[in-house]
Amino acid sequence: KRLEHIRDHLLQWLLSFGLNTVVVVIVTVFLMRFSSALIKTFFALFERSALQREETAAKRRLQTLSAIFRGVAQSIILFIGLMVFLQQMHVNITPILASAGVIGIAVGFGAQSLIRDLFAGLLILLEDQFNVGDSVKIGEVSGTVEQLSLRSTRVRGIEGALTTIPNGAIVTVSNFSKEWSRAVLDVEIDSVEDIDRAMRTLLETARTLRTERPQEILEDPSMQGV
């Protein structure tokens, strides 16, 4: 008799709330998977075109953005689905939403620098300011970008030192690997040497080097003088 009572109670719950609850769970899981697949497919198209152009850095940037957007979309859908689920269970979600708002404000005030770093990192990726492998100058730090994340940028200097820079602290960036850059060489010679002959020798050597490496040296070298 007790089992029959439990069965009847369970059947009544399923008929009253269970069906709606199951629908909410299924729709939430479906939307999470669908949004993830849609965003992944969307960015995969751009990755394919970048790979055809042999833009490895662009492909890495698109993969990072794809993961970020998928995580954000799934989190939002999961939160909304959870609120609808609790509402179907006749749980008052108003205090939960109010508490979430208060907690969000507190976390926002306590982690302002972290949030600033994350937004700055996202803008760096979206605007393609620099990528891993680029030669850059960030403030007083010059070197090659070894790692780029939403939180920080790591630059390896010519002396071998690895400097970690929070993205929120980056104000000005000089990128020496963007499209093209210019190599400026100051060559010292002995004071007794023929300056004109030295300049001709340097210029001829530079022109020979450009002939040998036309893909790397884009323009004819020029001599500015003494």
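Glutamate 179 is placed in the loop that runs between strand E5 (173–175) and helix H5 (195–212), in what is a predicted model. The phi angle of glutamate 179 is near 65°, a positive value in a residue other than glycine, and with a relative accessible area of 75% this glutamate is exposed. A positive phi is also found at aspartate 128, where the angle is about 55° although the residue is not a glycine. Aspartate 128 belongs to the loop between helix H4 (112–127) and strand E1 (135–138).

Helix H1 provides the next group of features. A pair of aromatic rings is described by the distance of the centres and the angle of the planes. In this model the count comes to one aromatic pair, formed by phenylalanine 30 and phenylalanine 34, whose ring centres are 5.8 Å apart and whose planes make an angle of 15°, so that the pair is classed as stacked, the cut-off for that class being under 30 degrees. Both phenylalanines lie in helix H1 (residues 2–52), and because they are four residues apart there, about one helical turn separates them. As to accessibility, phenylalanine 30 has a relative value of 52% and therefore counts as exposed, while phenylalanine 34, with a relative accessible area of 46%, is partly exposed.

Serine 35 likewise lies in helix H1, but its relative accessibility is 12%, and it therefore counts as buried, the limit for that class being under 20%. The side chain of serine 35 reaches the backbone oxygen of methionine 32 at a distance of 3.0 Å. When residues up to four places away in sequence are not counted, serine 35 touches Ala73, Gln74 and Ile77.

Empty space in the model was also examined. Rolling a probe the size of a water molecule over the atoms shows where such space is left. The largest pocket holds about 1300 Å³ of space, and among the 32 residues that line this pocket, those closest to its centre are Ala183, Val184, Leu185, Pro221 and Ser222. Grouped by class, the lining of the largest pocket consists of 18 nonpolar, six polar and eight charged residues.

Note on methods:
Residues numbered from 1 in each chain as written. Predicted model: local features only at pLDDT ≥ 70, side-chain atom pairs only at ≥ 80, totals over all residues. Heavy atoms only, no water. 1 Å grid on protein atoms, 1.4 Å probe; cavity = no way out; pocket = protein on both sides within 12 Å on 5 of 7 lines; lining within 4 Å. Points joined across faces, edges and corners; volume = space filled by probe spheres on them. Nonpolar A, V, L, I, M, F, W, Y, C, P; charged D, E, K, R; others polar. Phe/Tyr/Trp six-rings, centres within 6.5 Å; stacked < 30°, edge-to-face > 60°. Helix = DSSP H or I, 4+ residues; strand = E, 2+ residues; numbered from the N terminus. Buried < 20%, exposed > 50% of the residue type's maximum accessible area, 1.4 Å probe, protein only. Polar contact = N/O pair within 3.5 Å; in protein donor to acceptor, adjacent residues only side chain to side chain. Contact = heavy atoms within 4.5 Å.
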